[in-house]
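The exercises below are meant for a reader who is meeting this structure for the first time. Please work through each task with the sequence and the model at hand before reading its solution.

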Amino acid sequence: MKPVPRRRLFARSTWPEAQYVASVLRNETTGGLLMLAAAATALVWANVGTESYEAVLTTTVGPAALHLDLDLATWAADGLLAIFFLVAGLELKRELVVGSLRRPAEAVLPIVAAVCGMIGPIVVYLVVNGVGGGRTDGWAVPTATDIAFALAVLAVIGSRLPSALRAFLLTLAVVDDLLAILLIAIFFTTDVRLWPFAGAAAILVAYGFMQHRRISAWWLYVPMGVVAWALMHESGVHATVVGVAFGLLTRAHREPGEDQAPAERVEHQVRPFSAVLCVPIFALFAAGVTLSSDTLRDMLTEPVALGVMLGLVVGKTIGVFGGTYLTARFTRAELSSDLTWGDVFGLATIGGIGFTVSLLIGELAFRGDPHLEELVKTAVLCGSVLAAVIATVVLGRRNVIYRRLAEEETRDDDHDGIPDVYQVEDPGTRP
């Protein structure tokens with residue numbers, strides 16, 4: 001009998017999926033560069049003009065009668081990040097319905113890698129704090145990967161990762177975001193007020209029903225989203241949950257006569273706003289930590305901060321790489337012929353770049369302890385930078401090969417608008 005070919009990991013996708021991923025990554029890369037600039041601005045501002053930075057953070061705006069008289073830092077974390085998570089929810093819905101996650105054989109790899117990529121940091125954090133006599137409160141801080149930050153690093157170092165690795169990194173981050181919001185909803189909600197929560201849930205149910213009935217009415221959906229966010233905030237559940245919920249309830253199947261499904265259309269409209277405005281503003285308000293020799297010394301000696309940093313750099317890398325390797329081992333799959341396990345290790349180190357969601361969870365976990373909150377933020381920044389440096393070294397050694405692969409993936413000798421490589425049958429493309 002003819003032997004059955006082994007399934008390949010990180011095989012090339014279809015041309016439509018490659019176009020979608022490329023479009024998403026362009027927006028995220030631009031947003032990541034803006035986020036890096038905002039974070040750098042916050043660090044300089046917090047250390048040069050500490051009083052003015054704190055004054056801006058604590059400036060209160062909003063209607064007190066609705067219990068929405070919040071400071072600007074809270075508006076950034078609870079309000080703007082709800083839009084960020086809306087995009088994550090829309091992206092996840094698309095992946096589940098029409099993307100790679102709809103195929104079980106292909107969904108296994110990013111899901112296992114994401115889960116292991118969260119377990120690894122948690123184990124490292126708990127071990128460090130168990131040995132050092134620290135606190136367990138921050139176990140969730142190092143679990144998240146920041147796709148925008150990671151892509152910005154790739155842009156800065158000029159690394160042209162093959163499209164399959166970039167697509168995997170994007171899918172990994174999408175699953176990661178869903179798991180992170182579940183952690184926030186389950187473990188950082190202490191006092192739920194029933195009636196506001198029920199009101200928000202009712203709006204979500206109504207929205208899901210309207211999507212099912214193919215009702216297109218943005219002029220209704222926008223007010224529904226705002227009211228649901230306000231009710232969820234009042235309920236005590238972190239309001240960003242609403243963003244993910246609306247994303248997951250949005251229809252991702254395209255009906256006859258539609259150019260795009262609602263999920264794809266809304267994501268296309270909202271993603272640039274999230275990438276170039278919401279996330280950078282959050283970074284400006286969240287990344288401003290006061291750096292000093294004492295802060296850096298405390299970060300390396302305080303178990304909580306050390307656990308966060310090592311969780312990102314060591315735990316995340318081991319988790320993502322280990323999850324990928326175990327998937328290959330137990331499914332008898334093999335790497336695409338153009339890649340090596342060194343490439344996977346470099347990709348895993350990029351997963352240790354945790355910024356946006358890690359800073360958010362750090363604020364939630366240590367809200368009552370300003371000193372630890374400051375140390376955790378510093379640890380997130382230092383851990384993310386260290387992971388970026390390691391990724392630069394590991395992936396930089398293969399940049400010549402990556403450029404060659406990128407040229408092959410974009411060559412269009414017949415000038416029909418579709419790269420030639422996507423018009424050649426590849427037995428590794430599908431299981």
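**Exercise 1.** Leaving aside its neighbours within four places in sequence, with which residues is I350 in contact?

*Solution.* Keep in mind throughout that the model is predicted. Once the neighbours within four places in sequence are set aside, the contacts of I350 are T145, A150, L154, L161, L169, A391 and L395.

**Exercise 2.** Describe the aromatic pair of Y207 and Y221, and decide whether each of its members is buried or exposed.

*Solution.* A pair of aromatic rings is described by the distance of the centres and the angle of the planes. For Y207 and Y221 the distance is 4.8 Å centre to centre and the angle between the planes is 80 degrees, and the pair is edge-to-face. The pair links distant parts of the chain, since Y207 lies in helix α7 (residues 194–212) and Y221 in helix α8 (residues 218–235), 14 residues apart. Buried means under 20% relative accessible area, so Y207, at 6%, is buried, and Y221, at 13%, counts as buried too.

**Exercise 3.** Carry out the corresponding analysis for F321 and W341, and say which aromatic cluster they belong to.

*Solution.* F321 and W341 form an edge-to-face pair, with 5.8 Å centre to centre and 75 degrees between the planes. Because F321 lies in helix α12 (residues 303–331) and W341 in helix α13 (residues 341–350), the pair ties together parts that are 20 residues apart in sequence. F321 has a relative accessible area of 24% and is partly exposed, and W341, with 29%, is also partly exposed. Finally, F321 and W341 belong to one aromatic cluster with Y325 and F345.

**Exercise 4.** How does the radius of gyration of the protein compare with what the globule rule gives for 431 residues?

*Solution.* Begin with the secondary structure, which comes to 16 helices and four strands. The radius of gyration is 22 Å, close to the 22 Å that the globule rule gives for 431 residues, so the protein is as compact as a globular protein of that length.

Terms used:
Residues are numbered from 1 along each chain as its sequence is written. This is a predicted model: local features need pLDDT of at least 70, side-chain atom pairs count only at pLDDT 80 or more; totals for chains, interfaces and linings use all residues. Side-chain values use heavy atoms; hydrogens and water are left out. Contact means heavy atoms within 4.5 Å. Rings of Phe, Tyr and Trp (its six-membered ring) pair if their centres lie within 6.5 Å; planes under 30 degrees apart count as stacked, over 60 as edge-to-face and the rest as tilted. Helices (H or I, at least four residues) and strands (E, at least two) are DSSP runs, numbered from the N terminus. Buried means under 20% relative accessible area, exposed over 50%, partly exposed in between (1.4 Å probe, protein chains only). The radius of gyration is taken over C-alpha atoms; the globule rule is 2.2 Å times the number of residues to the power 0.38.
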